[in-house]
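This briefing goes through a structure under a few headings, from backbone features to cavities and salt bridges. The sequence and structure come next.

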Amino acid sequence: MLSADAAFQLMPPEAQGKNLSVQWEIAPGYYLYRGRMKFEAAEPASATLGNVTLPDGEKIHDEHFGEVEVYRTGTLTAQMRISQPLQKLKVTYQGCAEIGVCLPPQTRIVEVFNQP
Amino acid sequence: MNKSIWLGVIGFVAAATGFWLSTHLTREPAAPVIAPALTLNDLNGKPHTLTDWRGKLLLVNFWATWCAPCIDEIPLLVQAQKEYGPRGLQIIGPAMDEITSITPMAARLGINYPLMADFAQVDTAMRLLGNEHGGLPYSVLISHDGLIVKTILGGVKKDELQRLIETHLKPTGTTS
């Protein structure tokens with residue numbers, strides 16, 4: 001059983017102008033829920049995020065949660081627009097292992113790499 | 001068959017066994033371990049320690065409303081509490097969740113055992129009971145005299161649960 005950080009490796013977000021990308025490496029045998037991802041500006045908190053786009057995930061019917069979309073093993077990239085240069089981003093995400101164990105929601109405040 | 005081939009076969013079998021063990025996440029402590037005197041607040045905010053249920057076979061089931069495998073096994077636990085409660089089983093359900101999320105789900109599932117909810121408190125308790133990475137569901141079986149007899153990461157199957165309970169319940173007629 002991997003830790004959440006090992007199962008869902010969150011890479012330092014990269015900003016180029018007003019375009020911000022956030023990337024995870026999802027370990028084999030694990031998946032993230034699209035609907036449990038959240039992005040917030042942390043520093044400055046006044047910055048706004050918009051146009052968050054994610055690739056199409058795998059649609060599955062969950063007995064308890066209905067229709068959900070998940071991302072399995074591999075690289076996952078979220079793109080968004082930022083209103084102003086961002087130093088830190090707050091990211092929340094949650095996922096499970098395919099063997100039937102779920103890891104708690106994770107919240108990370110990460111430094112943004114602003115490309116020159 | 002020469003020596004190197006035999007070594008290869010033995011190595012493969014060992015690796016396969018290790019893989020099997022790693023995917024079956026049930027553990028028994030190598031030596032008796034006394035369950036720590038954890039405090040968990042129930043949904044009314046009243047604190048409980050695990051020793052409140054000394055004398056019972058205690059099954060501590062850590063779960064959450066955002067955890068599908070957790071919800072899957074709850075009907076099994078409800079049935080077990082109903083069937084084995086009179087014989088000395090006590091299940092408790094600390095949740096890594098908000099009370100506002102737990103309450104409606106508990107009603108819907110007919111949960112018939114005490115629940116607790118406090119994300120940080122439950123997370124701490126779970127790690128003290130051996131769940132290093134905080135995965136759910138996670139169950140800990142504690143004997144009537146306070147010893148951890150089994151931990152299970154992942155959902156528990158009906159026949160496995162019945163066997164565990166039957167094995168560790170005090171025989172009827174036994175006094176503490």
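A:Pro44 sits in the loop between strand E5 (38-43) and strand E6 (49-53) of chain A, helices (H or I, at least four residues) and strands (E, at least two) being DSSP runs numbered from the N terminus. The peptide bond joining A:Glu43 to A:Pro44 is cis, with omega about -5 degrees. The model is predicted: local features need pLDDT of at least 70, and side-chain atom pairs count only at pLDDT 80 or more, while totals for chains, interfaces and linings use all residues. Residues are numbered from 1 along each chain as its sequence is written, chains are lettered from A and ligands numbered from 1 in the order in which they are written, and side-chain values use heavy atoms, with hydrogens and water left out.

**Other backbone features**

- In chain B, a cis peptide bond joins B:Leu136 and B:Pro137, with omega about -5 degrees; B:Pro137 is in the loop between H4 and E8.
- A:Asn51, in strand E6 of chain A, has a positive phi of about 50 degrees although it is not a glycine.
- A:Asn51 is exposed, its relative accessible area being 61% (buried means under 20% relative accessible area, exposed over 50%, partly exposed in between, with a 1.4 Å probe and protein chains only).

**Chain B fold**

- Chain B has 5 helices and 9 strands, in the sequence pattern α-β-β-β-β-β-α-β-α-β-α-β-β-α.
- Of its 176 residues, 47% count as buried.
- Among contacts in chain B (heavy atoms within 4.5 Å) between residues at least 6 apart in sequence, 66% join residues at least 24 apart.
- B:Asp123 lies in helix H4 (residues 119-128) of chain B and is buried, at 19% relative accessible area.
- Leaving aside neighbours within four places in sequence, B:Asp123 is in contact with B:Met96 and B:Asp118.

**Interface of chains A and B**

- The contact involves 16 residues of chain A and 18 residues of chain B.
- The two chains bury about 1,300 Å² between them, 70% of it on carbon and sulfur atoms; buried area is the accessible area (1.4 Å probe) that two parts lose on being put together, summed over both.
- A:His64, A:Cys102 and A:Pro104 supply 36% of the area that chain A buries against chain B, more than any other three residues.
- There are 0 salt bridges between chain A and chain B (a salt bridge is a side-chain nitrogen of Lys or Arg within 4 Å of a carboxyl oxygen of Asp or Glu).

**Cavity and pocket**

- On a 1 Å grid over the protein atoms alone, a cavity is a set of points where a 1.4 Å probe fits but cannot get out, and a pocket is an open set with protein on both sides within 12 Å along at least five of seven lines; lining residues have an atom within 4 Å of a point.
- Grid points are joined across faces, edges and corners, and a volume is the space filled by probe spheres set on the points.
- The count is 1 cavity of 30 Å³ or more, and the largest cavity has a volume of about 50 Å³.
- Its lining is made up of B:Leu59, B:Ser139, B:Leu141, B:Ile152, B:Val156, B:Leu161, B:Leu164 and B:Ile165.
- H5(B) gives the most to this lining, with 3 residues.
- By class, the cavity lining has 7 nonpolar, 1 polar and no charged residues (Ala, Val, Leu, Ile, Met, Phe, Trp, Tyr, Cys and Pro count as nonpolar, Asp, Glu, Lys and Arg as charged, and the others, Gly among them, as polar).
- The second largest pocket holds about 310 Å³, and 15 residues line it, of which B:Arg27, B:Gly130, B:Asn131, B:Glu132 and B:Tyr138 lie nearest its centre.
- Strand E9 (residues 147-153) of chain B provides the largest share of that pocket lining, 3 residues.
- The pocket lining divides into 7 nonpolar, 5 polar and 3 charged residues.

**Salt bridges**

- Over all chains the count is 11 salt bridges.
- A:Arg108 pairs with A:Asp5, the closest N and O atoms being 2.7 Å apart.
- That pair links strand E13 (residues 106-111) with helix H1 (residues 4-7) of chain A, 103 residues apart.
- Both ends are partly exposed: A:Arg108 at 24% relative accessibility and A:Asp5 at 44%.
- B:Lys150 and B:Glu28 meet in a salt bridge at 2.5 Å, N to O.
- B:Lys150 is in strand E9 and B:Glu28 in the loop between strand E1 (26-27) and strand E2 (33-34) of chain B, 122 residues apart.
- B:Lys150 is buried, at 10% relative accessibility, whereas B:Glu28 is exposed, at 56%.
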